Amino acid sequence: MPDEKKNSWRSKAAKLPAKLRGKVLNRIGSPRSGLPFPGNAQVTTQSAGGSTFGSSTPILTTSPHLLGQNVVTQSTLSSISVASHTSAVPLTSAAPPASAQVPTPIAPATSKTGAHSFGSGPFLSDKAKEHVKTTLKGAYVLLKVLKESSDAFPPLKAAVGCFIACVDTYQKTSSNYDEMTQVLDTIDQLMSVIAARVSEFKDHKPLEQMVERLTRSLGKEIEKIETMQEPGLLSRIATSSDDAGKLISSYQAISNALNRLQVDLGLQVERNTRHILTHVVFEKLPLSNDAAFDAAINVNNASRGPCTKGTRIAIIDQIMEWAKETDPIKAPSVYWLSGLGGLGKTTIAYTVCQQLEDDGIPFSSFFCSQQLDSKDSKLLIPTLCRDLAELFSSFAAEVLDVLETNSKIVNAVLRRQMDKLFAEPWQASIACRVGLPAPVVVVDALDENDRGTDFLKELFRVVQLGKLKGIKFLVTSRPEPELVELFKELPENAVYKLHEVNVSNVQEDIRKYLCKALPGLKSVFVKKLADQASGFFIYAATVVRFLEPFSTSQKDEQLQKLLSEWPKTIQAGDKLPLDELYENVLKVAFWNEHVRAENLQILHTVLCAESRVDMSVIAALSNAQGDTVQKVIKTLYAVLYLSTDNHCVYWYHTSFRDFIFDQNRAMLKFYITPNGQPSEEIKINVFCNPSTHHTFLAHQCFSIMEVLCFNICKLESSYQFDSEVADLHTRLENNIPLKLQYASWNWAKHLVQAKGTTKIVHDLVICLEKFMCNKLLFWIEAMNLIGARVECSSLLKNAENWLEKVRNILQAKTNKSENSFRKTNTQT
């Protein structure tokens, strides 16, 4: 071995356990010809006449003092490689690859007295001798492969040799024979598969970290096995089932470590997708930027995050058991985590994703949100397919074939996407993933996706058809009636309802969260707040945000107020605790009747906007001044916030939007007198009727788009591509500001949700007619400049559908009026 390679492996050997380190260094320092058996072990050949196993058969001879040399095996790689090459062939049928010729091992030579060359000890029975021949077969194959890559894994070669030596310890025991044989057979099969897998890797660099990790894991078990070779302990093992059990336990630990490596290597092969994913059709795949559990959204006001340490342990453990369980009866393909808004579904899903990542289980995540692009159902399946293609090269190759054949599949209806882009490619490539852990797809807040129910219907359909075998789905959502009906198909062990968990079981978790978030808070306040939250984590989180700007003394005062106002209505069962909290937050913003209507207009615009926008757009849509918008957002800091990342306004939790959209809940109570003292109760309705406000926003969009004109960016030539205009970005900022971009993107989305009286609808029809006659071509030009040309056809189709619907309504009302008029004239 070259000196530089020796130095590199000497450096790595320094990290090994003491005994193993010395032996690895001994191997590096004293390389021998032939297979790298430990110490003085050598391979010789005998002629046909001197061996009952034929000519040129390797014979193992070893010096007694080298028994028990430490092993660094890499056998875990094996079962995956067999799975990848033999499809459904079970691991127990794994055989050495044809390319690696299996040397037939000979039982160690014995003296006339029957002593064997491994050293002194009990005689080997014929049964044990026969076992040596089969047990070491995989080890010999692996050694041959490692020899061919002699500079790649010196510690691994030494380790395999050590394993051969350590097997001798077992041969000296007479108890637990069947159980030990089973464990050693498994190890040897793993080694055979590893040999096949390692031989496939031309570049060994990706494997070095795995080998080093395996070396550290095995070091402890090897040292235990070595101690069992001491004279007194060895005789005890032969007669004590407890001590023999310890030996079996060490070999079982080796087997588990090898199996983990086997999985890692299989996944390494499957994840080698770089050459596929760089294909142009993958690069053009429409994806969600915000769907991944750890996506960089709202960096400074993270709306996603893990559970506080030590909380929600029971449910997280249950989900992880389901994820790791291989029995489909115990772990159905779909698991539903259900709960009312604010109970912590998203934080649980986030924590599960973290644990899946830590445990090396392949997974994909899609966290839906009404405020982000992950609400778009068109992006759901393409994003999941792209994620899984990164994890599995076999699936990526099948998806590539589909996209090359039909690139328009990404814009197809949901059912066709599910079948052609997801289920069929997965089914076609499943044989390549036998033996690998099932990936978990985590879909959070499915009810916040615009077609979440339809997605679930299609998912259940293909799962029942068996087209998505070997993949698991964790779905979280609120118990919406349509979703509840669909999830009835799941067995009880695949459903967890947070809203049915005993509140007392959750209060302790909320207390832990409050102690961490408000470390200076008195314990009596913490307990009362935890009780008051009634199981809603969002209540505790909102209280924390509400108290954030106050000093320590002011926090105590505000808490006293919140706690004193709570019990009366809550105990009567009139309101949810979260409603009481939202009322207290909103009172500050809407107590002044002179600005109440304007402030409500701003709040309703924030909640009804089709995408998250900055304050300048909110001001334009609300007919308000920018400083007024800023003041309202600042006043509602406990429920709304301005992201410092993209300067857009977000709400913290969907439960607040639900509160404002519910006419029965959105009622505030004020007690005012001329001098500010409580005396008279005044009720103020902060309810937002979404249809009514969408009508208002549609009018506002048409008004903003009045500025559209020919060549709006004043380009010098129509013969240039947009990409060739050097200052196009500056021209866009100056001529198509954010408010005009928003109006151009979203006028039709507001229009289709608009409802109102006949006059209101008629006015909207007039606005649409003027737009189509005077601004249509200018709008298409603007959409092209902002990169949204492909959206034009779908937006116009939405407008056409709405117009057809309202015309029928208007016509029906017109006919009714005419009939009434005729009837009146007839009677007259």
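## Lys 575

Lys 575 counts as partly exposed, at 21% relative accessibility. Partly exposed covers the range between buried (under 20% relative accessible area) and exposed (over 50%), with a 1.4 Å probe and protein chains only. Lys 575 sits in the loop that runs between helix H24 (567-571) and helix H25 (577-590). Helices (H or I, at least four residues) and strands (E, at least two) are DSSP runs, numbered from the N terminus. The C-alpha atom of Lys 575 is 7.9 Å from that of Arg 665, and the two residues are 90 residues apart along the chain.

## Model and confidence

This is a predicted model, in which local features need pLDDT of at least 70 and side-chain atom pairs count only at pLDDT 80 or more, while totals for chains, interfaces and linings use all residues. Residues are numbered from 1 along each chain as its sequence is written, and side-chain values use heavy atoms, with hydrogens and water left out.

The mean pLDDT (the predictor's confidence in each residue, from 0 to 100) is 76 for the protein, and 66% of the residues reach 70 or more. A contact means heavy atoms within 4.5 Å. Residues 567-573 also stay under 50 in pLDDT, and for them the model has seven contacts beyond four places in sequence.

## Overall make-up

The protein has 35 helices and eleven strands. Of its 828 residues, 50% are buried. The accessible surface comes to about 39100 Å², and carbon and sulfur atoms hold 51% of that surface. These areas come from the Shrake-Rupley method with a 1.4 Å probe; for residues, only the protein chains shown count as cover.

Among contacts with a separation of 6 or more, 76% are between residues 24 or more positions apart.

In S5, five of five residues are buried. Val 440, Val 442 and Asp 444 lie on one side and Val 441 and Val 443 on the other, and both faces are covered. In a regular strand the side chains alternate between the two faces of the sheet.

S5 pairs with S4 in the parallel sense over five bridges; two strands pair if DSSP finds at least two bridges between them. In this pairing Phe 363 stands opposite Val 440 of S5. S5 is also joined by four bridges to strand S6 (residues 472-477), again in parallel. There, Val 443 stands opposite Val 475 in S6.

## Ser 374

Ser 374 lies in the loop between strand S4 (363-367) and helix H15 (380-391). Ser 374 is buried, with a relative accessible area of 0%. Leaving aside residues up to four places away in sequence, the residues that Ser 374 touches include Ser 288, Ala 291, Arg 304, Phe 366 and Asn 449.

A polar atom of the Ser 374 side chain lies 2.8 Å from the backbone oxygen of Phe 367. The side chain of Ser 374 also reaches the backbone nitrogen of Ser 369, at 3.1 Å.

## Salt bridges

The structure holds 20 salt bridges, each defined as a side-chain nitrogen of Lys or Arg within 4 Å of a carboxyl oxygen of Asp or Glu. One of them joins Glu 610 to Lys 375, with the closest N and O atoms 3.7 Å apart. Glu 610 is in the loop between helix H26 (596-608) and helix H27 (615-622) and Lys 375 is in the loop between S4 and H15, so the pair ties together parts that are 235 residues apart in sequence. Glu 610 counts as buried at 16% relative accessibility, whereas Lys 375 is partly exposed at 22%.

Arg 386 and Glu 390 form a salt bridge with closest N and O atoms 2.5 Å apart. Both residues lie in helix H15, four residues apart, about one turn of the helix. Arg 386 counts as buried at 15% relative accessibility, and Glu 390 as partly exposed at 40%. Elsewhere, Arg 415, Asp 419, Glu 458 and Arg 461 are linked in a network of salt bridges.

Note on methods:
Polar contact = N/O pair within 3.5 Å; in protein donor to acceptor, adjacent residues only side chain to side chain.
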